[in-house]
Amino acid sequence: MNANQGFKKGFLWGGATAANQIEGAYLEGGKGLSTSDFAAYKDPYASGTVNNFTFNVTSSELEEYTKHSEKYLFPKRWGIDFYHHYKEDIALFAEMGFKCFRLSISWARIFPTGLENEPNEEGLAFYDAVFDECAKYGIEPLVTMSHYEMPIELTKKYNGWISRELVSLFEKYAKVILERYKNKVRYWITFNEMNMNLNSLYTGAGVLEDLVENSLEAAYQASHHQFLASALAVKAAKAIVPNVENGCMINQIEAYAHTTKPEDQLQAVKSNQLNMFYPDVQARGYYPSYIYSYFAENNLTIDIEPEDAEILKNGTVDFVAISYYMSHVAEAREDASKLAGTFDSPIKNEYLELSQWDWPIDPIGLRISLIKLYDRFQKPLFVCENGLGAKDVLTEDKKIHDDYRIDYMSKHVQQMREAVKEGVDLMGYTPWGCIDLISCGTSQMSKRYGFIYVDQDDTGKGSLERYRKDSFYWYKEVIASNGEKV
C-alpha cells in the first residue's frame, strides 16, 4: 500500500463564516431578533490590555438593550451586509477557487420567534438564492444549523437551552431546512463549537447566566438538550437528504502538560477528556464513563430521561469538524478544574509566539490534534475554522499586505498536510472569516481574519467596498495546487 503523499483529490478547500457575523439586515425579510442581535460592542482595550471575552448578557442587560437599544452599538445587526452583497462575495470566493463555503442559517430568519408553526418564506428564499449562487460556481455549501444565535424569544420564554422545550422546536426548524434544501446542501453541521457552552452560556446556549443557580451544571444541562436536538436533526437528515454527511463540531483546545510532573500530565489528560466529551457523545452515541465521574466530583445533577440513550445512539454523526486557533497548557493547581476546557488558558507556553490578541500560535498543535482525533474516532475530520485575527492596514493604493497571515496559515496548512501523510482522513479546510466580518467575542470589525478586506470600522462606518488582500492571491495558489504550494 502506497503512503499518502498529500491532500486527496476533491479536498474541500474554502472558507467559513456565520450568519450573525456577516448577514446584517437584521430586521429585513421577516427576520426576528436573535441572541446575537443583543451582543453590544464593548471596547476590548478599555482595561488597558486586550480583552478576549466571549459576549455574555445578563437578564438586566437584555432588558436594558431591549428598552434603550439606541444607546448602544450592536455590530452583529449590520454585519458586513452579506444579505445584499452575497453575489459579489461568492464571486470573489469563486475567484479564489473555493470548492466549499461554510455558512450558517439564522434560525430567526426561518422562525422569527422560534414558536411559529409555519416558517418564514422570505427567509427560506434568501438561502435558496445563496445556495443557487454557490452552485453556479460549483461551490459546495457546508451549512451550520445553529451558530451562536437563536431567536431571542426562546431566551426570554425558556431561558434558552436550559429548557427541554427547545429540543422539539429545533427539530421542527431542522426538518424544515433539511426538506427545503435537500437537493442543494449535502454537508451539514448541527451546532457550532458546542463545547463553548462552558465559556459563555449565552453565546452557545442562549442562557441568561444570572438566572441559574449553578452555571457549570446549567452548561451541561443545556449541552444535553443540544445533544438530543443534534441527534434528532441527524436522524432527520439521513431520512430526507440524499447522500447526506452530518458533522459535529468543537473548538479544539489540545492541552499540553506544563511540566513532566505526573500531576501536570494527569491534569492535561483530564482537560483533554472534557474537550473530547462533546464529540464522544455525538460521534459514538453515548455518554463516556469519565463524565459521570466528573459530574459526581463537582456535585452536578443533569436531568437525563430514560429515552435519551436511544435518541443519542440513533443520531451519530459521519464526521468530526473542529475549529483550531491555539493549544493550551494544563497544570495541577487549585483552579485546575475551572480552567479545564476553557477557551483561553492563563498559563502561557514559553515556546510559542502570541498573536496581537495574545493567542498562542501553534501550527504543530493542529497536527497533534488531528492525529489524536482520528485515532480516537476513526471518522473523517474537517478543519472548518482556523485563522489569524489581526489589524490590517488598507494602503492609499487600496492594498493590504498581510504577510503575517500568509505565514500563519502556510504553517498550519503544512502541518495538516503532514497529518494527512501520516494517515489522517481529512475532508477539507475552511479558514475562519474568509472575508472580514464582525468578531464573535468582542463585536469588533478591526479584528480581521479575511482574505478579503471590507471597508468598515468598529462603529459600522465605511464604504463596504471589498478589496483583495495579498493573502487572497496566496490562498488562490494553495487551492490551485491542492495544498502543494504553500
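## A pair of facing residues

Let's start inside the sheet: Cys 248 stands opposite Val 320, a residue of strand β7. Everything described here comes from a predicted model. The partner strands in this spot are β5, which covers residues 245–251, and β7, and they run in the parallel sense with 5 bridges between them.

On to the next neighbour of β7. Strand β9, made of residues 381–385, also pairs with β7 in the parallel sense, here over 4 bridges. In this pairing, Ala 321 stands opposite Phe 382 of β9.

## Helix α9

Helix α9 takes in residues 215–240. Its 26 residues should span 38 Å at 1.5 Å a residue, and the C-alpha atoms at its ends are 37 Å apart, which agrees. The helix is largely enclosed by the rest of the structure, because 19 of its 26 residues are buried.

The N-terminal end of α9 has a cap, provided by Asn 214. A side-chain oxygen of Asn 214 lies 3.1 Å from the backbone nitrogen of Leu 216.

## Asn 272 and its surroundings

Another asparagine to look at is Asn 272, which sits in helix α10, residues 262–284. Its relative accessible area is 13%, under the 20% cut-off, so Asn 272 counts as buried. Setting aside neighbours within four places in sequence, Asn 272 is in contact with Ile 253, Glu 254, Ala 255 and Lys 372.

Two of these contacts can be described in terms of polar atoms. The side chains of Asn 272 and Glu 254 are joined by a polar contact of 3.4 Å, and the side chain of Asn 272 also reaches the backbone nitrogen of Ala 255 at 2.9 Å. For a sense of scale, Lys 71 is 201 residues from Asn 272 along the chain, and the C-alpha atoms of the two are separated by 42 Å.

## Glu 23, a buried loop residue

Glu 23 is found in the loop that links α1 (19–22) and α2 (59–67). With a relative accessible area of 3%, Glu 23 is buried. A polar contact of 2.7 Å joins its side chain to that of Arg 109.

## The chain as a whole

Stepping back, the protein chain has 16 helices and 12 strands. Its radius of gyration is 21 Å, close to the 23 Å given by the globule rule for 486 residues, so the chain is as compact as a globular protein of that length. Along the principal axes, its C-alpha atoms fill a box of roughly 60 × 55 × 50 Å.

Of the 486 residues, 59% count as buried. Among contacts with a separation of 6 or more, 78% are between residues 24 or more positions apart. The chain exposes about 18800 Å², and carbon and sulfur atoms supply 49% of that area.

Technical notes
Residues are numbered from 1 along each chain as its sequence is written. This is a predicted model: local features need pLDDT of at least 70, side-chain atom pairs count only at pLDDT 80 or more; totals for chains, interfaces and linings use all residues. Side-chain values use heavy atoms; hydrogens and water are left out. Helices (H or I, at least four residues) and strands (E, at least two) are DSSP runs, numbered from the N terminus. The expected span of a helix is 1.5 Å times one less than its number of residues. Buried means under 20% relative accessible area, exposed over 50%, partly exposed in between (1.4 Å probe, protein chains only). A polar contact is a pair of N or O atoms within 3.5 Å; within protein, one must be able to donate a hydrogen and the other to accept it, and residues adjacent in sequence count only if both atoms are side-chain atoms. Two strands pair if DSSP finds at least two bridges between them. The radius of gyration is taken over C-alpha atoms; the globule rule is 2.2 Å times the number of residues to the power 0.38. Contact means heavy atoms within 4.5 Å. Accessible areas come from the Shrake-Rupley method with a 1.4 Å probe; for residues, only the protein chains shown count as cover.
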